[in-house]
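Here is a friendly briefing to read alongside the model. Please keep the sequence and the 3D view open as you go.

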Amino acid sequence: MSAFDKTARDAVAALSAQVDDGLYRDVTVTIGRPQSAALVTGTATANRTFVLESSPVVPLTEWQCSFLASGAGTMVVGAFSRVDPTNTALRSVNVPFVAGLNALTFDFELNPGERLGFYVADKGYYTSAVGDSGGYYISVASGWQASFDDPDLTTSQQLQISFVAQGRAPAEFQAQIDAAQGAIDAADQTVVTGAVGAGGTSFYNSSFVAGPLEPAPGGLPIATMLIRFPTSGAGTYRAYNVDAAGKILAMWADFTSVAGLTTLTPGVAPCPIPADYAPPDGTYIVFGKVSGTNHITYTAATGDTRQYDFNAAAVVGDTLTGALDRTGFRVNVEVTYAGGIANRLGGLDSKVATARARIGGLEASTTAIESRTPSGLPIFFGGQYNYKLRFGLGKIHAVGGGGLVAIAVAGDSLHQRPGLTTPFREQLYARHGKAGHGWINIDTANPTDYTTGYSLTRSAGWTFYDANDKSGVAPPLCVGADGMCISTAGTTETATLNFIGTKLHIQHGRFGGTFEYQLDGGSWVAVAADSAGTLAAVNLTGLAAGAHVLNIRTTANTGTVAIVGFAAWGEADNGVIVSNHANRGMNGIDYTAIKTWVTASLALLPFDLAAVQIVLGTNDSRTGKTLASYTTGVVDLFAAYTARWADISRIKVTPYQHGATDATSMASIRDADFAAAKAGGYAWYNGKDDWGTYAQMNALGAFLSGDNLHCNISWGQAIASELIDEFY
């Protein structure tokens, strides 16, 4: 690692450490307030445990608590997690108090997403005189309850107790953030010095070292050197780093060149210069001929160079002498100095952006805790888990890198339909290039977000199966990654697929059936499946670039033909594939029912997935599915992907508030998602709190016309931008 990259890494490491240590906390966060009378004179609920509705978005550790007590005792303060309707204490501390007015100070850790709970034996806690407490959960049973199910959220009484978390203002640390960002920006640049002409004349003198006149930019490591050696043969050369006066700052072992135009990469033989070597500002990289007569070629009348006397006995610290300004010709040496290594490999921009967002959100955090809207949970969580995705996307743009990055979108109709996924695709393609389309489902009535050039038609005799809303019942035959299948025992069914790309994947079941396919009007090819009852695939590669037509028929069938989906890609060698595996109407229990088939389908997918992004929860909410079945379904769906790609980047999206019946509240789904993301170590986007209520968003025209579930393209553009900026 170069010193330049290390500066950027160290700056961000220091910043991240302070964020992780909870130093970026707002000045004051206040919950509740003490009343003017002793607690027992209010409307008392004795011996109950309280858990506050709101939670912070940054760690809080230093607390003050004020209240009036009729006698001495001990208050239990706890940090609670919540999966509706259960509140569970994660840790607690005992804080003694005295009779009368208390102003207690104590240390206690409350992390983002956790809720503060408390219990005071034999004391009452609220009065109905002022109704602005914002909401709390209360136990039915007496005594300290480390875990309890609350009957409902209480919002009409003012708590007679005040908790204050004291911290330091975030403005103190803005300079550090700016410095870290500056280090990254400086590390993420490329500078080229010198130039290589189309040909040129060789130097015929063994007594000099020559290099381009442009000096090194300083701080940036050498990425590559392009040199035109004489075509008459190889020779032995020595590389130096010298200052403007010719003083040798560094010198490396001799190396043997090859004839003609050659790329030398530091750290890679035959280049003697070590990897990540960054010449000091204003110095030069020069080469000298150790043996033989032909030297590096030069191009006339295109610039200036420098010439030094070659001294075989010279050591570091010596000064080479000679004509330091040779005009009228340029030696054919081009040096590229490249930064960006720290940024591409370390995700430093993302870390700084995360810190900046957390600091910028502190005022909103205070407002959220004091007003109790929204929940106080973060909007984004866990971007650090997406290292595979970030590295792959950086590699697309790296000098000498390239390749494709495949991203799966899965879940329900918020991903299957075009409102969100089409702008998500388009923005990623615009940023990173398009390598192909990915998965194509077989639901002709509700296709995935097809783009121009992709369509599927099929005859009426196919039996179509869709796993959505089947209440956990397993499919009768098989399904693909999206939970769909078409099947037939007949001999007259057909299907036609239009697609673009140089590669095609046909995924089918093995139930003793035979189908034939024809590509672009060519010969028919039979695919005869055995009766193993599993999935198989046909992969067609090496197709001509552009549009194609695939025809399928079952003329030769003697069993059951089952087709679960297609995938097309290969529109370009570099770029992104957004493979849509989503299915309208799906809920958590449906994915649990087909987990085995999804796992098997993904095992056959012919390209590597770097990330999977799941949108799920709307259907569980509106149909009243349990939180347990919902959460299990999300975990099972992620597990199907990690079964093949253990390091796949996982992103869970909690949907915005819909306008249907909120039978299982979206707020409880939000809370369950956040708890699962922390426990499972994956990234999370809180769409529930990021946007307004259904009434507010509908008034803005954010939903499809006549639809209270699905966003339109305009809203989808905004959501996609947030997701990509945070996680991609």
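This is a predicted model: local features need pLDDT of at least 70, side-chain atom pairs count only at pLDDT 80 or more; totals for chains, interfaces and linings use all residues.

Residues are numbered from 1 along each chain as its sequence is written, and side-chain values use heavy atoms, with hydrogens and water left out.

**The chain as a whole**

- The chain has 16 helices and 43 strands; these are DSSP runs numbered from the N terminus, with helices being H or I of at least four residues and strands E of at least two.
- Of its 728 residues, 53% count as buried (under 20% relative accessible area, with exposed over 50% and partly exposed in between, using a 1.4 Å probe and protein chains only).
- Taking contacts (heavy atoms within 4.5 Å) between residues at least 6 apart in sequence, 81% join residues at least 24 apart.
- The accessible surface is about 27,000 Å², and 54% of it belongs to carbon and sulfur atoms; the areas come from the Shrake-Rupley method with a 1.4 Å probe, and for residues only the protein chains shown count as cover.

**Helix 12 with helix 13**

- Helix 12 (residues 627-642) packs with helix 13 (residues 666-680) at an angle of about 40°, their axes 11 Å apart; axes are lines fitted to C-alpha atoms over the stretch in contact, and angles run from 0 to 180 degrees between N-to-C directions.
- The two helices are therefore oblique to each other (angles under 35 degrees count as roughly parallel, over 145 as roughly antiparallel, 65 to 115 as roughly perpendicular and the rest as oblique).
- On the helix 12 side, L627, Y630 and T631 meet S668, I669, A672, D673 and A676 of helix 13.

**Helix 10 with helix 12**

- The axes of helix 10 (residues 595-604) and helix 12 come within 8 Å and cross at roughly 25°, so this pair is roughly parallel.
- From helix 10, K595, V598, T599 and L602 meet D636, L637, A639, A640 and Y641 in helix 12.

**T193 in strand 14**

- T193 lies in strand 14 (residues 190-195) and counts as buried because its relative accessibility is 5%.
- E214 is 21 residues from T193 in sequence, yet their C-alpha atoms are 5.6 Å apart in space.
- Beyond neighbours within four places in sequence, T193 is in contact with E214, P215, V333, E334, V335 and Y337.
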